[in-house]
Amino acid sequence: MAKYEKGVSVKEIARERIGILLGAAEENRSSPSVSARYVALARAISMKQRVRFTKEQRRSFCRRCGAYFVPGDNLSVRVLRGRVIYTCKSCGAVYRFPLSGGETPREESEGIKYEKKEG
């Protein structure tokens, strides 16, 4: 087997191209078909090279239909019980993400305090 040459790895190039494609999808978010094509190309590169998306990249498009999320246009964002809920208006897919931080907004507003049990 041939050894790899020193320099930039294939996975680093793939990560860079994925970033470029998702940036282009952000710029063309007024045209859903163009931005969906950029997302599809980025996903194809990711699967081919087995490169994971970053957290921000994963949350920027629908994994079910491939639409690039534009809040208010094709994305509904709600905060409920310590979670952020994304609902894709194109296909109806629902994604739930935990809120980062200590207490949930509901606990803070109601003044609920939980004490840790010792032992």
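Author: Buried means under 20% relative accessible area, exposed over 50%, and partly exposed in between, with a 1.4 Å probe and protein chains only. The model is predicted, so local features need pLDDT of at least 70 and side-chain atom pairs count only at pLDDT 80 or more, while totals for chains, interfaces and linings use all residues. Residues are numbered from 1 along each chain as its sequence is written, and side-chain values use heavy atoms, without hydrogens and water.

Reader: Which residues of H2 are called buried?

Author: Ser-35, Val-39, Ala-42 and Ser-46 are buried in H2. They lie on the same side of H2 because their arc around the axis is only 65°, taken from the directions from the helix axis to the C-beta atoms. On the other side, Ser-33, Arg-37, Met-47 and Lys-48 are exposed.

Reader: What do the buried residues of H2 pack against?

Author: They pack against helix H1 (10-27), where contact means heavy atoms within 4.5 Å. Among the residues that meet are Ala-14, Ile-18 and Leu-21 in H1 and Val-39, Ala-42 and Ile-45 in H2.

Reader: Why are H1 and H2 called roughly antiparallel?

Author: Their packing angle is about 165°, and their axes are 8 Å apart. Axes are lines fitted to C-alpha atoms, for helices over the stretch in contact, and angles run from 0 to 180 degrees between N-to-C directions. Angles under 35 degrees count as roughly parallel, over 145 as roughly antiparallel, 65 to 115 as roughly perpendicular and the rest as oblique. H1 and H2 are therefore roughly antiparallel.

Note on methods
Helices (H or I, at least four residues) and strands (E, at least two) are DSSP runs, numbered from the N terminus.
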